[in-house]
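Colleague: Could you take me through how to read a few features of a structure, giving the general idea before the particular case?

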Amino acid sequence: MFYALRLRLENTSEAWLREYLDRDGLDIMLNSLCEMAGRGFTSFSDAILQLDCVSCIRAILNTSIGLDFMVRHQGYTAKLILGAVSYTHLRAHETSLHLVCRLLLEKTAHRRTCGTTARAGARRASGGSWPQ
């Protein structure tokens with residue numbers, strides 16, 4: 001369910017995303033995440049479902065439209081934190097701001113690492129060297 005939605009969210013137009021948000025799409029996902037987190041993981045498929053839900057939310061927040069929408073709706077931040085606690089294994093010293101930042105930056109860091117690895121492989125294959 002969430003996998004197909006994540007693909008749509010990552011490859012959609014701004015107009016579609018705005019309409020999705022205006023029709024409470026983010027609120028529904030945050031409520032689903034909170035509900036799943038409250039139940040815990042009873043099976044491997046539950047864990048995958050929760051991770052897919054978090055990936056959808058991250059796809060929205062990786063857009064300026066989605067991030068602006070989240071900021072304008074303060075209750076959504078609280079829902080994200082409540083739903084993400086079991087996903088991120090919140091440490092006692094983390095503030096809600098730290099948690100939200102970590103969720104948003106997790107995918108960015110992964111992309112940078114993968115991009116650097118791909119460029120290094122291309123340089124080695126072409127006999128090039130790293131810039132000094």
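Colleague: Is Glu-10 buried, exposed or in between, and what is its relative accessible area?

Modeller: Buried means under 20% relative accessible area, exposed means over 50%, and partly exposed lies in between, with a 1.4 Å probe and protein chains only. By that scale Glu-10 is partly exposed, because its relative accessible area is 31%, whereas Arg-6 counts as buried at 17%. Please keep in mind that this is a predicted model, in which local features need pLDDT of at least 70 and side-chain atom pairs count only at pLDDT 80 or more, while totals for chains, interfaces and linings use all residues. Residues are numbered from 1 along each chain as its sequence is written, and side-chain values use heavy atoms, with hydrogens and water left out.

Colleague: What do the side chains of Glu-10 and Arg-6 form when they meet?

Modeller: A salt bridge is a side-chain nitrogen of Lys or Arg within 4 Å of a carboxyl oxygen of Asp or Glu. The side chains of Glu-10 and Arg-6 meet this criterion with an N to O distance of 3.1 Å. The two residues are 4 apart in helix α1, so about one helical turn separates them; helices here are DSSP runs of H or I with at least four residues, strands are E runs of at least two, and both are numbered from the N terminus.

Colleague: How many salt bridges does a search of the whole structure find?

Modeller: The search finds 3. One of them joins Arg-18 and Glu-14 at 3.8 Å, N to O, and these residues both lie in helix α2, again 4 residues apart, about one turn of the helix. Arg-18 is partly exposed at 45%, while Glu-14 is exposed at 53%. Glu-19 forms a salt bridge with Arg-23, with the closest N and O atoms 3.0 Å apart; Glu-19 is partly exposed at 41%, and Arg-23 is exposed at 63%.

Colleague: Which residues of α1 are buried?

Modeller: An α-helix has 3.6 residues a turn, so residues three or four places apart point the same way. In α1 the buried residues are Phe-2, Leu-5, Arg-6 and Leu-9. Seen down the axis of α1, they fall within an arc of 105 degrees, so they line one face of the helix, the arc being that of the directions from the helix axis to the C-beta atoms. These buried residues pack against α2, α3 and α4.

Colleague: Which members of the largest nonpolar core touch the most other members?

Modeller: In soluble globular proteins, nonpolar side chains tend to be buried together. A nonpolar core is a set of buried Ala, Val, Leu, Ile, Met, Phe, Trp, Tyr and Cys residues joined through side-chain atoms within 4.5 Å. Of the 23 residues in the largest one, Leu-9, Leu-21, Leu-26, Met-29, Ile-57 and Ile-60 touch the most other members. Helices α1, α2, α3, α4, α5 and α6 each supply at least two residues, and the largest share, 7 residues, comes from α4. Leaving aside residues up to four places away in sequence, Met-29 touches residues including Phe-2, Leu-5, Cys-53 and Cys-56, where contact means heavy atoms within 4.5 Å.

Colleague: How many helices and strands does the secondary structure comprise?

Modeller: There are 7 helices and 0 strands. Of the 132 residues of the protein, 34% count as buried.
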